[in-house]
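Subject: Structure handover

Hello,

Here is the structure for you to look through. Please open it beside this email and follow along.

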Amino acid sequence: MDIDFPLVLVVLTFATGLIWLADKLFLRERRLAAYRASGTGDAVDEGSPAESEEPKEPYLVDLSRSFFPVLAIVLVLRSFLVEPFQIPSGSMLPTLEVGDFILVNKYAYGFRLPVAGTKVIPVGDPQRGDVMVFRYPEDGQTNYIKRVIGLPGDHIRYRDKQLFINGDRVETRFIARLPPMELRREDLGEVEHDIFLTMGRPGGSGEGEWLVPEGHYFVMGDNRDNSNDSRYWGTVPDELVVGKAFAIWMHWKSLTSLPSFDRVGGIE
């Protein structure tokens, strides 16, 4: 079973915060009063230090007081500013490789509540060509990463490995043959980026026409013949959007290899 880390983080932050607050407002005074009434807190001979000014904090209170600020900072950073992710598959090759560690801007598309994902402060919307992280519409939990191709109201057509947006052919130019792949450069208007097409594979897979509903986005992987995307399971609703991927900060393919920083840089 997958662990819902955002939910765990929210629960731990609120739990430690409530324990710390309850102790500060109510329990600490009661503990001090009981301690003084017992006489344990009285000083010994004049000039000698007191045995203890305060009784020792309960373990759970001490733990909560120590961890709450750290958890709160992590929650704010991760929920509203920047969140790290690791790329687990090759669906975004050649842009992103398996083992890339990326940073995702959480406020580019508006400030959203943790876990629920509800947008509370609009800032911006996904744009064509953005590399976007979102929760998989089929289960609403698994994080996916694809490129935004279609915006609300767009008509998308994909035939014989050729993309059309609102009736216009999306131009690509040949870069290189890297068997079994062909590397091409795709022009989405504001954004140009590289894509992979599998040589010798028929173009029938993932073909069709789609009208993007309001509040939804049509996404595709840059590895066009090896990507599970909107061509197969439909569009991404705005409430499942997580953020915009903007940088690679490390590459670490497996525990048997060493981390590399050769791929550090922005994401096209």
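The structure holds 20 salt bridges. Keep in mind that this is a predicted model. One of the salt bridges joins E97 and R263. Their closest N and O atoms are 3.4 Å apart. That is inside the 4 Å limit for a salt bridge. Now look at where the two residues sit. E97 is in the loop between β1 (82–86) and β2 (100–105), and R263 is in the loop between β16 (241–251) and β17 (265–266).

The size of an interface is often given as the accessible area lost when the parts come together. Here, the area buried between domain 1 and domain 2 is about 660 Å². Carbon and sulfur atoms give 67% of that area. Which residues of domain 1 lose the most area to domain 2? They are S79, F80 and L81, which together make up 68% of what that side buries.

What about charges and polar groups? Between domain 1 and domain 2 there are zero salt bridges by the rule. Polar contact between these domains comes to one residue pair, with both residues at pLDDT 80 or more.

Last, a sheet to trace. Strands of a sheet pair through backbone hydrogen bonds, either parallel or antiparallel. In this sheet, four strands run in the order β9-β8-β7-β13. The sheet is open, and the pairing is antiparallel. Which strands are at the edges? They are β9 (168–169) and β13 (208–211), each pairing on one side only. Zoom in on β7 (residues 155–159) and β8 (residues 162–165). These two strands pair over four bridges, in the antiparallel sense. Find I156, then look across to its bridge partner in β8, I165.

Best wishes

Terms used. Residues numbered from 1 in each chain as written. Predicted model: local features only at pLDDT ≥ 70, side-chain atom pairs only at ≥ 80, totals over all residues. Heavy atoms only, no water. Buried area = accessible area lost by both parts, 1.4 Å probe. Salt bridge = Lys/Arg side-chain N within 4 Å of Asp/Glu carboxyl O. Polar contact = N/O pair within 3.5 Å; in protein donor to acceptor, adjacent residues only side chain to side chain. Pairing = 2+ DSSP bridges.
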